[in-house]
Amino acid sequence: MGHVGTETPHNRTIQGQRPNKVLSLSMLVIGFILLYTIVLEWRGLMRMHFVQYDYAFFYYAFDQVLNHHSSFASLYNLRVQTIWLKELHYPLNSYNQYVYPPQFAVLFAPLGGLSFHQSAVVWMFISIAAYFLAVFYLVRMLWGKVRRIHLVALFVIAAAMTPFEIDAAVGNINSVLFFLVVYGFYQLYYRKRPRVAGILFGLAVLMKVTPVAILLIPLIRKQWRVVIWTAICVIAGTLVTTFIIGFGPIWQYVLHFSAFGQTSMKNGPAPYNQSIIGVVGMLQHNGWLFGGKLVQDIIYLAFVLWVLRTLLVRIRRMPTADWRLDMSLAIMLPLLFSPLDEQMHMLFVIPSLMMFVHFITDVEHPSFRTGQQVNRKRLAVVAVLGIGILSLPATFVLNVITGHFQFLAWMHAQMFFVLILTFITIVKLYRQTSSLPRIVPGVFGSSTVSRRDAL
């Protein structure tokens with residue numbers, strides 16, 4: 001270990017003895033349990049014919065751009081999409097349709113040149129690779145170099161996260177967005193390339209609007225180059241889309257964006273929706289809370305205002321906060337502001353949980369030399385709870401419990417509780433570490449850097 005003043009993630013490693021037989025056997029048993037639950041999850045989704053269900057909508061959009069001169073009426077034609085789903089023998093839901101920006105369809109239009117099944121396999125490999133690359137870069141930022149067995153253990157645990165397995169199975173976009181956002185922060189904090197970070201964030205916004213919420217942290221930190229290059233990327237991508245399919249679909253998408261959101265919200269309360277609105281809807285559905293949509297809207301507005309107040313009052317006043325907190329909170333913000341958080345969206349809580357583990361293991365951090373600012377035992381409890389609840393074994397156990405005891409249906413909002421607990425823990429860490437030097441990874445042999453240098 002080097003001295004604190006000269007340590008960077010480039011020369012840090014996770015210390016410890018070589019794994020003994022007990023540890024190896026424990027990892028083998030845990031790995032078997034996780035693999036078994038993964039097989040069960042995929043088999044169940046195949047039985048319900050939900051494997052690549054979401055990707056069927058994506059492929060329709062890709063095909064429309066590649067093989068037709070798409071207009072808004074064709075790209076978002078629910079009747080034609082329903083016919084397409086029938087041909088693939090997928091379950092029909094009148095509230096499901098392609099609701100992503102036209103820019104996303106243009107960006108991945110080449111996949112429409114393959115058959116659906118070939119294209120779906122390619123997309124699945126892209127999603128899986130994107131997810132594990134994101135985990136790798138998170139490890140690189142937090143710990144630098146780690147032993148191979150630790151990296152394998154992290155990958156095994158990451159593979160058993162319910163949000164990832166659902167996202168990979170149904171063929172949604174979250175793993176790809178997860179990579180873009182994580183790699184963007186890697187470029188910003190580790191490589192010191194705010195322009196590249198902005199471009200990566202811009203690509204995420206072009207694919208789905210909600211990642212724009214991550215820019216709140218760069219705005220608060222006055223990281224203007226990140227924000228500017230994000231805007232440049234979004235504008236450039238929109239111009240390219242306009243050149244290919246015209247401006248009409250983009251303008252119509254902006255006009256209908258709210259309507260798309262309202263349609264998606266009709267999919268039901270938790271467990272489909274793990275946001276504050278989903279939890280309130282679930283409570284209303286089970287007779288534990290009175291009121292209708294108006295009550296949901298009021299509670300959602302109060303929740304959003306609480307989050308905004310926390311960001312603009314507490315976080316903004318702490319300019320020397322640890323970079324790990326800024327990154328983790330920024331990645332999680334789209335979940336906090338969205339009225340629709342499905343289980344697969346909870347991928348964006350994973351960086352915060354990994355950060356908690358890093359705080360626990362980073363014994364060289366100044367906070368552990370200056371008193372009890374950071375309580376590692378409490379962080380360990382939050383991290384274990386969060387990782388455990390998001391895991392597939394916990395999901396299966398929960399399904400069994402609620403299947404036998406209907407009055408425990410509220411437990412299906414488990415991921416929302418992880419989200420809130422994680423957010424509150426991060427806010428406390430801001431307050432507890434606000435007086436400590438700002439630590440930014442890989443800064444030319446120094447562990448501290450000014451806010452201006454971090455830009």
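Visitor: Which helices do the buried residues of H17 pack against?

Guide: In this predicted model, the buried residues of H17 pack against H6, helix H9 (174-190), helix H16 (323-337), helix H18 (376-390) and helix H20 (414-433).

Visitor: Why is H17 called largely enclosed by the rest of the structure?

Guide: Buried means under 20% relative accessible area. In H17, 9 of the 12 residues are buried, so the helix is largely enclosed by the rest of the structure.

Visitor: Which residues of H17 are buried?

Guide: They are Ile350, Pro351, Ser352, Leu353, Met354, Met355, Phe356, His358 and Phe359.

Visitor: How do you know that the span of helix H17 (residues 350-361) agrees with 1.5 Å a residue?

Guide: At 1.5 Å a residue, its 12 residues should span 16 Å. The end C-alpha atoms of H17 are 17 Å apart, which agrees.

Visitor: Which residues have the most contacts inside the largest nonpolar core?

Guide: Tyr98, Phe104 and Leu329 do, in a core of 124 residues. Helix H6 (residues 116-143) gives the largest share of this core, 13 residues.

Visitor: What is Leu329 in contact with, leaving aside its neighbours within four places in sequence?

Guide: Contact requires heavy atoms within 4.5 Å. With those neighbours left aside, Leu329 is in contact with Ile217, Leu311, Ile315, Phe423, Ile426 and Tyr430.

Visitor: How many helices and strands does the chain have?

Guide: The chain has 21 helices and 2 strands. Of its 455 residues, 52% count as buried. Among contacts with a separation of 6 or more, 77% are between residues 24 or more positions apart.

Notes:
Residues are numbered from 1 along each chain as its sequence is written. This is a predicted model: local features need pLDDT of at least 70, side-chain atom pairs count only at pLDDT 80 or more; totals for chains, interfaces and linings use all residues. Side-chain values use heavy atoms; hydrogens and water are left out. A nonpolar core is a set of buried Ala, Val, Leu, Ile, Met, Phe, Trp, Tyr and Cys residues joined through side-chain atoms within 4.5 Å. Buried means under 20% relative accessible area, exposed over 50%, partly exposed in between (1.4 Å probe, protein chains only). Helices (H or I, at least four residues) and strands (E, at least two) are DSSP runs, numbered from the N terminus. The expected span of a helix is 1.5 Å times one less than its number of residues.
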